[in-house]
Amino acid sequence: IKVYSTKQINCASYIVFDPIEEIYEIYVNDKEPGVRKRFSIAHEIAHYILHKDKIQTLGVVGRQNINSLSKQEEKDADSLGAKILMPPKASKCFLEKNNILQDDILDMNVIKKFADEFEVSIIAAAMRLRELGYYVGYIKM
């Protein structure tokens, strides 16, 4: 998979299959913040892992075009993308090392610390922590 950063797209990212060279290419919007670009790349890699056949059939897969996959397939790619960037074992190790228990109500300080550790956005961190079974209260940005 080749990854290209470009200012010439009007979405966060998409993945393309080149049948001539038989390679996959991810295009990510260079105007996005670094944490967003990282998540977008992980999301597209997740599509490659989960939906390789559909990418080959459609040629290009992205949320903002006619070749978007189903809402469930996009959610699945988001979930796997989060696991790629914030693996369960590494996440739990970080939380244990910082004495954060599953019974705790996680505040913005904890969420920000987690987000910084894994170089993801506050929103991605909060969603992943919820997936891991932690209680994340209301997030005020």
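This is a predicted model: local features need pLDDT of at least 70, side-chain atom pairs count only at pLDDT 80 or more; totals for chains, interfaces and linings use all residues.
Local features were taken only where pLDDT is at least 70 and side-chain atom pairs only at pLDDT 80 or more, whereas totals for chains, interfaces and linings use all residues. Residues are numbered from 1 along each chain as its sequence is written, and side-chain values rest on heavy atoms, with hydrogens and water left out.

The protein chain contains five helices and six strands, assigned as DSSP runs numbered from the N terminus (helices: H or I, at least four residues; strands: E, at least two). From the N terminus on, their order is β-β-β-α-β-α-α-β-α-α-β. The C-alpha trace spans about 50 × 30 × 25 Å along its principal axes. Of the 141 residues, 42% are buried (buried means under 20% relative accessible area, exposed over 50% and partly exposed in between, with a 1.4 Å probe and protein chains only). Contact denotes heavy atoms within 4.5 Å; among contacts between residues at least 6 apart in sequence, 55% join residues at least 24 apart.

Helix 2 comprises residues 71–85. The buried residues of helix 2 are Glu73, Glu74, Ala77, Ser79, Gly81, Ala82 and Leu85. The elements covering them include helix 1 (34–58), helix 4 (108–118) and helix 5 (122–131).

With residues up to four places away in sequence set aside, Glu74 touches His43, His47, Arg63 and Leu69. His47, located in helix 1, is buried at a relative accessible area of 1%. Beyond its neighbours within four places in sequence, His47 is in contact with Ile15, Lys52, Ile55, Val61, Leu69, Glu73, Glu74 and Ala77.

The axes of helix 4 and helix 5 come within 9 Å and cross at roughly 105°; axes are lines fitted to C-alpha atoms, for helices over the stretch in contact, and angles run from 0 to 180 degrees between N-to-C directions. The two helices are therefore roughly perpendicular to each other, a class covering 65 to 115 degrees. Met108, Ile111, Lys112, Phe114 and Ala115 of helix 4 meet Ile122, Ala125, Ala126 and Leu129 of helix 5.

Most residues other than glycine have a negative phi. Asn99, by contrast, has a positive phi near 55°; this residue is found in the loop between helix 3 (88–97) and strand 5 (105–106) and is exposed at 65% relative accessibility. Glu119, also not a glycine, has a positive phi of about 55°. Glu119 lies in the loop between helix 4 and helix 5 and is partly exposed, with a relative accessible area of 47%.

Definitions and conventions: Angles under 35 degrees count as roughly parallel, over 145 as roughly antiparallel, 65 to 115 as roughly perpendicular and the rest as oblique.
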